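Keep the sequence and the model side by side. The walk goes from ring pairs to a helix face and then to charged pairs.

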Amino acid sequence: MRTTPDAYIEHLSAENQALIQRLLGPDEVVVAVVRADMAADRSFSESYLLGTTRRVCSCTRCNGTLTLAAELPLAEVTALVRRDLHGIARLDAHTTTRSIPLVYFNRSRLPAFEKALSKINGRLSTPPAEPAGHTGGRRRPGGGHGTLAHCPKCGRPIPKKLGCCPACLDQGRLIRRLLTRTRPYLLPMAGSLLLMLFITAIEMTQPLLIKVLVDRVIPQADLRLFAWIIAALLGIHVFTALFSGTRAWLMAWLGEHLVHTLRTDVYNHLQTLSLEFYDQHETGWIMDRVSADTGNLQSFVAEGLQDLVRDVMTLLVILIILFWMNWQLALIALVPAPLVFLLTRRFLKRIRKLYQSLWRKRAGLSALLANVVPGARVVRAFTQEHREADRFAARSESFMTASIGTARSFATFHPAMGLVTSLGFVLVWACGGYRAITVPQAVSVGTLIAFISYLWRFYGPLNNLGAFSQRMERAATSAQRIFDVLDMHPSVPEPTTPSVCPEIRGEVTFQHVTFGYDSGEPVLQDVSFTVQPGEMIGLVGPSGAGKSTTINLLCRFYDVDSGAVLIDGCDIRDVTLDSLRRQIGVVLQDPYLFHGTITENIAYGNPEAAFPDIVRAARAANAHDFILRLPEGYDTLVGERGQRLSGGERQRLSIARAILKNPRILILDEATSSVDAETEATLQEAMERLVQGRTTIAIAHRFSTLRNASRLIVLEHGKLVEVGSHEELLAKPAGLFKRLVDIQNRTSTIVAVGG
């Protein structure tokens, strides 16, 4: 088997090498061969990914022969991209027009695949669209949160808690990048550093003054010098207190401003990201970046680096003073120092693992509470109180055991450190005291006392230096997680030459639109239709047909893969997102209300609206009467997500919000599907007012609500299969819409009989 000099070839038997050689053409040389453990149908089998100087292909061994399963010329391949699935992974070959699945493999094969891909990607004529190991294409909304991510560099699993690979973390680069964001605060940072150095320098003089006091002032009864030294000692404490208080306030000011700036930058950047980002990431993941990670950086940026400078300078100054005073005692005093440093580092590594276990158990306890407390009604309905009590007791006991283990480590470490440091003091007292008694001129009592005083100041910074690497690692991890967000770009970008969308007349055209959340898996396929200004159409079809995707594309929450969405003949990708979405109103099936008053929620899309306009919108939405029946009327707080209101009341506020916005295009997404018949009649009356004079696209599972639509567009498996009025489609005996209506009528009849 012919191979390139730097080829990556996994261990192959001579038989398999011969089989691969038979697949090669003249002058075709192997670049990489890696074994997969799954076939294209995801059954376990002996498969291989083969990269050569001409092509990339997958082959499966069966009955002693290798059969090609898929192949592409290397010149057509733009990237090889790994997609993480549930428990396994898939390698796709991307071209400029399509994506072809090559092989499936178990996650244990990741390191080998990464090595092979690095060799094959190096042969591509164009750079890969994204690094091998990243998920290719778009992620399906809401999916993938249970998938374990792997580092694209080393293939190691990425801890979900960290969100980045700790083994590949470039701490120096991250800290330097973080420090570039502190440039606006260089002056207060420099002032704080100078204050710290000044405080440290003043404190370093205190043992020397005590030495003079003991060796010279007291034996000679020099009251004048005695007064000066006492005044100097008092001044040291006064100035230290004043400067320490000033620096503490300055550091608090600096830290809060730094974290405020960083937190605001992260949040503002989040507002620019597309919905695809929010589909792929959990709310808790995002909140951690905005709050916890920015908070972790506060003390490090404001104090951590300055503490490092202080500790290093303190150690150097103390060492110089100790050796200047008595080099023999200095060497004796330093005997425990290496042991203190090593014990501190070892303890911090151990305690970090213990704390991680403790945090996991505490998180499990909190998760149980968050899961069970809101479900108290279900727990009692199924008489599971004792079971839940036992589950809580078991998790609480596990948390208690972990806490005791952590406390045991601290109980062992602190006495051990005290013993080690006390060894230095005992040695200095023993050797220095003996010399002071036997050879007074070699070591004075004042020198001995000063030595002890400096030793107290020496071991603190030494412990801090042992802990600094852990502190830096935490800061670098938080910085990586934050920069991961800041480095993300919206998948729906603003146009390169943006123009403001003019006032919309309301003509909507889908022109051969194809789109998929995942590459190679289209949700809409070559969909074309036109909605005239002021026309109301209904989108109909079974679940998963692409109805919600259609309105997502119209709002430009996502961009089409091919084709175009036009409004009044203008491609929506050519106008700014803000000017487009300001003229589109949406009423969702599950209306989202923010924690605030009814007035604030109605005026959310038009914050400058006058109160009479808000009332008129509420009247048009049939919401005014129920609002007045509330104790505080329009000032009533709706609660989190509007939980203090019924579903019909929330929906009427959502309609009022859309009316106040006065959009030119209106989208109704299952707006009445989750309410009773009486409430539906009220909502229908409100929506009839809302749709007047507007282009309206409505999605509804209750087809009776679409009788006022001029046309119905029927989708199935992402394709447009029928278009016509309600009556025209019912007249088609073999049509999809007719079949769906019959199924719905039969279901309604069964429910009515059962009731």
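F515 is buried, with a relative accessible area of 0%; buried means under 20%, exposed over 50%, and partly exposed in between (1.4 Å probe, protein chains only). Y517 is buried too, at 7%. The two rings form an edge-to-face aromatic pair, 5.0 Å centre to centre with 85° between the planes. Rings of Phe, Tyr and Trp (its six-membered ring) pair if their centres lie within 6.5 Å; planes under 30 degrees apart count as stacked, over 60 as edge-to-face, and the rest as tilted.

This is a predicted model: local features need pLDDT of at least 70, side-chain atom pairs count only at pLDDT 80 or more, and totals for chains, interfaces and linings use all residues. Residues are numbered from 1 along each chain as its sequence is written, and side-chain values use heavy atoms, with hydrogens and water left out.

The structure holds 10 aromatic pairs. In one of them, the ring centres of Y185 and W253 are 6.3 Å apart and the planes stand at 75°, so this pair is edge-to-face. Y185 sits in the loop between α3 (171-180) and α4 (186-220), while W253 sits in helix α5 (residues 223-272), so the pair ties together parts 68 residues apart in sequence. Helices (H or I, at least four residues) and strands (E, at least two) are DSSP runs, numbered from the N terminus. Y185 is buried at 11%. W253 is partly exposed at 31%. Elsewhere, F198, F239 and F243 form one aromatic cluster.

Now turn to helix α1 (residues 14-23). Its buried residues are N16, L19 and I20.

Charged pairs come next. A search of the whole structure finds 12 salt bridges, each a side-chain nitrogen of Lys or Arg within 4 Å of a carboxyl oxygen of Asp or Glu. E28 and R55 meet in one of them, at 2.7 Å from N to O. E28 lies in the loop between α1 and β2 (30-38) and R55 in strand β4 (residues 55-62), so the bridge ties together parts 27 residues apart in sequence. E28 is buried at 3%, and R55 is buried at 12%.

R82 and E114 also form a salt bridge, at 3.0 Å from N to O. R82 belongs to strand β6 (residues 79-84) and E114 to helix α2 (residues 110-121), so parts 32 residues apart in sequence are tied together.
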